[in-house]
Amino acid sequence: MRSQLCLSSLASRIPVRFQEPMRFWNTWGVGGIAKAVMPITSESALAEVRRASSDAGDRLFILGEGSNVLVLDGGIDGWVILLRDDPSPPEIVRSWGNSVEIRVSAGYPLRRLVNWSVRRCLSGLEFAVGIPGTVGGAVAGNAGAQGRSIGDLVSFVRTLEADGTFSDWGKGDLTFAYRSSPFAGGTFWVTSVGLVLSLSSDGLVRQRLRHFASLRKGQPKNSRTAGCVFKNPPGGSAGLMLDSAGCKGLSVGGAMVSREHANFIENLGDATSDDILKLIDICRSRVRDQFGVNLELEIKVIGDGAL
Ligand code: EPU
């Protein structure tokens with residue numbers, strides 16, 4: 001009741017959608033019903049909602065573009081924030097030598113940030129070409145490709161906690177590891193980020209961009225996926241192992257392991273989260289049987305019943 005009151009008062013200013021199917025809000029297009037879903041663009045609105053949910057004793061989840069998550073069929077007994085594009089563009093904070101430090105808000109789409117930096121001949125983010133999602137999601141999950149990760153570029157992070165207070169993290173406070181950061185657990189929400197890029201030439205930046213884009217050629221583009229499902233194990237390639245274990249084309253219900261790249265699972269149209277989870281289990285046990293390697297999930301599972 002108390003939570004309904006809080007939500008209703010927010011709904012006069014924020015477009016809250018009640019009892020919303022989560023399949024509309026993630027790239028896989030699966031998942032059950034959430035109690036409420038609301039797009040948020042500003043840091044102040046984010047703080048207000050986080051405080052209100054905490055006061056109401058409600059669970060709160062934050063999603064960017066929903067590009068790296070599996071929402072369970074049981075749905076989400078809580079509120080879901082869709083962190084949306086903050087209208088303020090990235091800004092240059094300072095520069096020294098060839099280095100340029102920028103500040104960007106968490107809801108800014110990563111692909112737009114890559115374009116923004118390329119247009120200014122700023123090098124460093126070219127590896128991220130083709131990675132979907134928001135900057136905040138990328139930093140929380142330390143997104144990367146080809147041995148490079150966004151955490152390598154991060155100089156500061158501003159976060160929000162459940163009581164609505166903000167904290168500023170300097171470089172010395174930040175420990176990034178392969179696909180993980182201090183912000184992965186959901187206690188601290190990334191609201192803005194500092195990144196250090198280097199001034200280069202238009203030709204070099206575009207050449208690097210083309211190089212990294214070419215490495216994605218073998219990935220499915222026209223189907224509903226959530227990016228790579230598994231992390232690469234130390235020194236190995238999950239895609240190569242899954243392919244060698246004969247996973248390509250395996251299917252459960254409406255979910256199928258991509259025939260283009262074995263570390264992607266496609267929703268053929270009517271997949272459920274349960275189909276995807278079953279397929280994940282089958283793939284994992286094939287790789288375990290053949291290589292003795294237990295693949296870890298790269299995607300984040302959220303919703304009722306998730307561990
Ligand atoms: N391979 C196969 N069959 C497959 C898939 C891959 O033989 O079905 C082989 C490739 O030919 C290559 C090797 O496995 O020799 C590695 O594959 P790939 O070059 O595609 O790289 P990856 O390690 O599978 C990583 C990132 C991708 C990123 C690409 C390209 C991880 C888990 N994956 O893939 O990131 O797009 O490099 O930069 O780090 C993601 O994070 O969502 C993601 C897809």
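Predicted model: local features only at pLDDT ≥ 70, side-chain atom pairs only at ≥ 80, totals over all residues.
Biologist: Let's begin with helices. How many residues does H7 have, and what does it reach from its first C-alpha to its last?

Modeller: Helices (H or I, at least four residues) and strands (E, at least two) are DSSP runs, numbered from the N terminus. The expected span of a helix is 1.5 Å times one less than its number of residues. Helix H7, residues 273–291, has 19 residues and reaches 26 Å, close to the expected 27 Å. Gly292 follows H7 and has a positive phi, near 70°.

Biologist: Which residues of H7 are buried?

Modeller: Buried means under 20% relative accessible area, exposed means over 50%, and partly exposed is in between (1.4 Å probe, protein chains only). In H7 the buried residues are Ser273, Asp275, Ile276, Leu279, Ile280, Cys283, Arg284 and Val287. They cover an arc of only 165° around the axis, which puts them on the same side of H7; the arc is that of the directions from the helix axis to the C-beta atoms.

Biologist: And what do the buried residues of H7 pack against?

Modeller: Contact means heavy atoms within 4.5 Å. The partners are E4, helix H6 (238–244) and the strands E14 (251–252), E15 (255–257) and E16 (265–267).

Biologist: What about helix H2?

Modeller: With 14 residues (43–56), H2 reaches 20 Å from its first C-alpha to its last, close to the expected 20 Å. Its buried residues include Leu46, Val49 and Arg50. Just after H2 comes Gly57, with a positive phi of about 70°.

Biologist: Now the rings. How many aromatic pairs are there?

Modeller: A pair of aromatic rings is described by the distance of the centres and the angle of the planes. Rings of Phe, Tyr and Trp (its six-membered ring) pair if their centres lie within 6.5 Å; planes under 30 degrees apart count as stacked, over 60 as edge-to-face and the rest as tilted. The count here comes to 2 aromatic pairs. Trp169 and Phe183 are edge-to-face, 4.9 Å centre to centre with 85° between the planes. Trp169 lies in strand E12 (166–170) and Phe183 in the loop between E12 and strand E13 (189–199), so this pair ties together parts 14 residues apart in sequence. The rings of Trp169 and Phe188 have centres 5.0 Å apart and planes at 80°, so that pair is edge-to-face too. Trp169, Phe183 and Phe188 form one aromatic cluster.

Biologist: Is Phe188 buried or partly exposed?

Modeller: Phe188 counts as partly exposed, at 22% relative accessibility, whereas Trp169 and Phe183 are buried.

Biologist: Which ring does Arg50 lie over?

Modeller: A charge sits over a ring if NZ of Lys or CZ of Arg is within 6 Å of the ring centre and within 35 degrees of the ring normal. Arg50 lies over the face of Trp189, at 4.1 Å from the ring centre. The charged end of Arg94 sits over the ring of Trp96, 4.3 Å from its centre.

Biologist: Last topic: how many disulfides does a search of the whole structure find?

Modeller: A disulfide is a covalent bond between the sulfur atoms of two cysteines. The criterion is a pair of cysteine sulfur atoms within 2.5 Å, and the search finds 0 disulfides. The sulfur of Cys283 is 4.0 Å from the closest cysteine sulfur, in Cys247, too far for a bond. Cys283 counts as buried, at 2% relative accessibility.

Key: Residues numbered from 1 in each chain as written. Heavy atoms only, no water.
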